[in-house]
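Student: I am new to this structure. Please show me how to read its features, one at a time.
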Amino acid sequence: MKRKLFITAALLCCFAVAFAAFADLNGNWAGTLTAPDGNQYPLTYAFKTDGATLTGTSQSPQGSVGITEGKISGDSLSFAIDVNGVKVLNTGKYFSVGDSISLNVDYQGFKMHSTLKRAVEK
């Protein structure tokens, strides 16, 4: 009985640590995406976490769009945004030590990569 109680407590602690790490994901993040044609596009996100759910907004020169289908699993995250009627899939990994996000973007089959850093509050 003590063993089951100990294992249950240990598992709960592991989940609490994982969710606490993603609590740091909340806030504003920025980076630059280089398209296959060489053009660079600024990326700005405002992330909000609630358990295993990721929500928020993406800001661009064209305006702000909501993040949909946001999920968090371990140190991985995924979400989609709508760019002019096109669903853009984003997958990534959060690195708490470097306070960065490695983000892979799939835009109509074009695969691109960016590194996001926490945006400095003004």
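Tutor: Start with one residue and its surroundings. Ser 114 touches Gly 31, Thr 32, Leu 33, Leu 43, Ile 101, Ser 102 and Leu 103, leaving out residues up to four places away in sequence. Contact here means heavy atoms within 4.5 Å.

Student: What kind of model is this?
Tutor: This is a predicted model: local features need pLDDT of at least 70, side-chain atom pairs count only at pLDDT 80 or more, and totals for chains, interfaces and linings use all residues. Residues are numbered from 1 along each chain as its sequence is written, and side-chain values use heavy atoms, with hydrogens and water left out.

Student: Is Ser 114 buried or exposed?
Tutor: Buried means under 20% relative accessible area, exposed over 50%, and partly exposed in between (1.4 Å probe, protein chains only). Ser 114 has a relative accessible area of 2%, so Ser 114 is buried.

Student: Which backbone oxygen does the side chain of Ser 114 reach?
Tutor: That of Thr 32, at 2.9 Å. Ser 114 itself has its place in strand β9.

Student: How are strands and helices named, and how many are there?
Tutor: Helices (H or I, at least four residues) and strands (E, at least two) are DSSP runs, numbered from the N terminus. The protein has one helix and nine strands. Along the sequence the pattern reads α-β-β-β-β-β-β-β-β-β.

Student: How do I read the whole protein for burial and surface?
Tutor: Of its 122 residues, 26% count as buried. The protein exposes about 7,900 Å², and carbon and sulfur atoms supply 61% of that. Those areas come from the Shrake-Rupley method with a 1.4 Å probe; for residues, only the protein chains shown count as cover.

Student: What share of contacts join residues at least 24 apart?
Tutor: Take contacts between residues at least 6 apart in sequence. Of these, 31% join residues at least 24 apart.

Student: How do I read a nonpolar core?
Tutor: A nonpolar core is a set of buried Ala, Val, Leu, Ile, Met, Phe, Trp, Tyr and Cys residues joined through side-chain atoms within 4.5 Å. The largest one here has 20 residues, and Leu 25, Tyr 45, Phe 47, Phe 79, Ile 101 and Leu 116 touch the most other members. Strands β1 (27–34), β2, β6, β7, β8 and β9 each supply at least two residues of this core.

Student: How many aromatic pairs does the structure hold?
Tutor: Rings of Phe, Tyr and Trp (its six-membered ring) pair if their centres lie within 6.5 Å; planes under 30 degrees apart count as stacked, over 60 as edge-to-face and the rest as tilted. The structure holds four aromatic pairs. In one of them, the rings of Tyr 45 and Phe 47 have centres 5.4 Å apart and planes at 5°, so that pair is stacked. Tyr 45 and Phe 47 are both buried.

Student: Are the rings of Phe 47 and Phe 79 stacked or edge-to-face?
Tutor: Their centres are 5.6 Å apart and their planes at 65°, so the pair is edge-to-face. This pair links distant parts of the chain: Phe 47 is in strand β2 (residues 40–50) and Phe 79 in strand β6 (residues 76–83), 32 residues apart. Phe 79 is buried, with a relative accessible area of 2%. Ring pairs link Tyr 45, Phe 47 and Phe 79 into a cluster.

Student: What else does Phe 47 touch?
Tutor: Set aside neighbours within four places in sequence. Phe 47 is then in contact with residues including Leu 25, Trp 29, Leu 54, Ile 67, Ile 101 and Leu 116.

Student: How do I read a salt bridge?
Tutor: Side chains of opposite charge can pair when their charged atoms come close. A salt bridge is a side-chain nitrogen of Lys or Arg within 4 Å of a carboxyl oxygen of Asp or Glu. A search of the whole structure finds four. One of them joins the side chains of Lys 87 and Glu 69 (2.8 Å, N to O). Lys 87 is in strand β7 (residues 86–95) and Glu 69 in strand β5 (residues 68–73), 18 residues apart. Lys 87 counts as partly exposed, at 48% relative accessibility.

Student: Which residue does Arg 118 meet in a salt bridge?
Tutor: Asp 99, at 2.9 Å, N to O. Arg 118 lies in strand β9 (residues 110–118) and Asp 99 in the loop between β7 and β8 (100–107), so the pair ties together parts 19 residues apart in sequence.

Terms used. Polar contact = N/O pair within 3.5 Å; in protein donor to acceptor, adjacent residues only side chain to side chain.
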